[in-house]
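Let's learn how to read salt bridges in a protein model, one question at a time.

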Amino acid sequence: MTTYVLIGCGGVGYALAPTLTRMLMAVQSSFYLVDGKTIRTANLARQFASSDVGHNKAEALAHTCRRLIPIESPLKIHAVASYLEPATVDQHEWLKHDDLVVFLAADTKATRVAVERILDDTDSDFTLISGGNNEWDGQAVITRRRNGKYLDPLPSQVNPDLLENDG
């Protein structure tokens with residue numbers, strides 16, 4: 001069974017999650033929404049509702065996505081209300097699953113590199129779809145690992161700019 005993961009429930013993640021939910025609702029799988037941030041009033045122009053202010057982004061978005069699927073749907077939606085970083089790896093049980101499809105919608109270079117390194121340390125096969133942008137450009141990179149072998153380069157190999165610390 002494939003496990004789907006969305007890391008980053010802000011602007012891009014908030015737009016992507018409902019579509020992924022609709023696509024997966026007939027599939028027996030798990031969909032994890034991961035974000036450690038809290039919703040602020042500043043987020044309301046692009047995402048969430050005013051009643052969500054003060055709540056965790058992953059939990060609020062999981063609630064929204066659960067409302068989109070019928071009760072009998074085999075899709076299980078999980079919220080992980082913490083960042084994915086070396087100090088919190090133990091809180092992310094999905095990392096132990098065998099077949100992962102990870103959508104990375106994080107807004108910093110440091111986070112994108114940290115996630116690729118954490119995935120590299122797992123024994124799981126995975127597909128990583130990593131997207132990011134800045135003021136003038138952006139990129140989306142697909143990386144697949146099967147049976148411990150990379151079929152595609154990591155995002156930081158495609159774009160070494162990611163290795164520059166952006167804070």
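Q: I see lysine 109 here; is it buried or exposed, or in between?
A: Lysine 109 is partly exposed, at 23% relative accessible area. Buried means under 20% relative accessible area, exposed means over 50%, and partly exposed is in between (1.4 Å probe, protein chains only). By the way, this is a predicted model, where local features need pLDDT of at least 70 and side-chain atom pairs count only at pLDDT 80 or more, while totals for chains, interfaces and linings use all residues. Residues are numbered from 1 along each chain as its sequence is written, and side-chain values use heavy atoms, leaving out hydrogens and water.

Q: What does lysine 109 form a salt bridge with?
A: Side chains of opposite charge can pair when their charged atoms come close. A salt bridge is a side-chain nitrogen of Lys or Arg within 4 Å of a carboxyl oxygen of Asp or Glu. Here lysine 109 pairs with glutamate 164, with 3.9 Å between the closest N and O atoms. Lysine 109 sits in helix α3 (residues 109–120) and glutamate 164 in the segment after α4 (155–158), so the pair ties together parts 55 residues apart in sequence. Helices (H or I, at least four residues) and strands (E, at least two) are DSSP runs, numbered from the N terminus.

Q: How many salt bridges turn up in the whole structure?
A: A search finds three. One of them joins arginine 145 and aspartate 120, at 3.7 Å from N to O. Arginine 145 is buried at 5%, whereas aspartate 120 is partly exposed at 35%.
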